[in-house]
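User: I would like to learn how to read a protein model, feature by feature. Can we take it step by step?

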Amino acid sequence: MSTDKPAVRRVIVDEGSAGQRLDNFLLRELKGVPKTHVYRVIRAGEVRVNKGRAQADTRLELGDEVRIPPVRVPERAAAPAAPAREFPVVFEDEHLLVIDKPAGVAVHGGSGVSYGVIEALRRARPTAKFLELVHRLDKETSGLLMIAKKRSALVNLQDQLRDRETGKTYAALVWGDWPAKLKVIDVPLVKFIGSDGERWVRPGKEGEEDAKRSISLVKVVQTTPQFSLLDVTIKTGRTHQIRVHLQQAGHPIVGDPKYGDFEKNRTLARGGERFDRMFLHARRLRFQHPATGEEVTLEAPLPPECEKLIAP
């Protein structure tokens, strides 16, 4: 525990926190303090907003003064700081940043990864008041990733994703000859923890309690003797959705380390192509701009190693 005597803090709500609930604001300000304790001090009236008592669900406004009572924050072992890093920018204004994420980089720290894209960007942009992931991409997936620069943009874009009002299209290379008539995959998915402690996803059965409806639209773009290049547009954003949908259809994604054909992947990685990543790339994104409402369509070309693999 820290030996410094905690003191009352008065924090002015900035643009990055405007619109946030008081409990979520405090949990971020008091990292490491148990949730139960945070809610206890709110209920006891020790937290004040503009000198008045406030509830956990009070929405904070720009310029509000929040009085945070003395709370001892446990000392945490210092995690290695994320190295500052920028990523290729596809679109940026004062509301939103869209980058072209490389394969092999996690979007955020956690589960064995000490940092990811968001931590590296915050380090690279120390004056940015607000940077938050709008959605996620698997570590092995490359392509378009949205990062909100204002809370209002984060809420707006996440609402669009929830209401399926965005178009997210991925380029996926699969083994074998994809049947052109298979254009819609409507197979529920179930998340579970495997015996290895890892998070996995499997196809579910109709009516299964934890199964969530998942829909992927598939279009064949190109075929080669070994592969089929597909455009997959997702209507739902489930964990590992495309990877599991394509695998259960009998055509796993080339290079997928979790749901793929391991023998073929190994041969490809060791052969002349030296291709040792998963061929899944978020190539197109369509959404309404969170401030203007205008439709925005962004594209990210295939990475060079992917282009090379499918070149005639």
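User: Let me start with a helix. Which residues of α4 are buried?

Analyst: Keep in mind that this is a predicted model. Now the general idea. An α-helix has 3.6 residues a turn, so residues three or four places apart point the same way. Here is the case. In α4 the buried residues are Arg 151, Ala 153, Leu 154, Leu 157 and Gln 160. Buried means under 20% relative accessible area.

User: What do the buried residues of α4 pack against?

Analyst: One helix is among the partners: α1, residues 22–29. The others are β6 (96–101), β7, β8 (142–148) and β15 (280–288).

User: What about cavities? How many of 30 Å³ or more are there?

Analyst: A cavity is a space where a probe fits but cannot get out. The count here is one cavity of 30 Å³ or more. The largest cavity has a volume of about 40 Å³. Among the residues that line it are His 135, Leu 137, Tyr 170 and Arg 284. The strands β9 and β15 each give two or more residues to that lining. By type, the cavity lining has five nonpolar, two polar and two charged residues.

User: Now a sheet. In what order do the four strands of the open sheet lie?

Analyst: The open sheet runs β1-β4-β2-β3, and the pairing is antiparallel. At the edges sit β1 (9–12) and β3 (52–53), each pairing on one side only. Inspect one pair. Two bridges join β2 (residues 48–49) to β4 (residues 65–68). Arg 48 stands opposite Arg 67 in β4.

User: Can we try a loop? Where does Gly 116 lie, and is it buried or exposed?

Analyst: Gly 116 lies in the loop between β6 and α3. With a relative accessible area of 3%, Gly 116 is buried. Beyond its neighbours within four places in sequence, Gly 116 is in contact with Ala 106, Val 107, His 108 and Gly 109. Gly 116 and Lys 139 are 23 residues apart in sequence, and their C-alpha atoms are 9.0 Å apart.

User: Finally, the whole protein. How many helices and strands does the protein have?

Analyst: The protein has seven helices and 16 strands. Its C-alpha atoms fill a box of roughly 70 × 45 × 45 Å along the principal axes. Of the 312 residues, 44% are buried. Take the contacts between residues at least 6 apart in sequence: 63% of them join residues at least 24 apart.

Conventions: Residues numbered from 1 in each chain as written. Predicted model: local features only at pLDDT ≥ 70, side-chain atom pairs only at ≥ 80, totals over all residues. Heavy atoms only, no water. Buried < 20%, exposed > 50% of the residue type's maximum accessible area, 1.4 Å probe, protein only. Contact = heavy atoms within 4.5 Å. Pairing = 2+ DSSP bridges. 1 Å grid on protein atoms, 1.4 Å probe; cavity = no way out; pocket = protein on both sides within 12 Å on 5 of 7 lines; lining within 4 Å. Points joined across faces, edges and corners; volume = space filled by probe spheres on them. Nonpolar A, V, L, I, M, F, W, Y, C, P; charged D, E, K, R; others polar.
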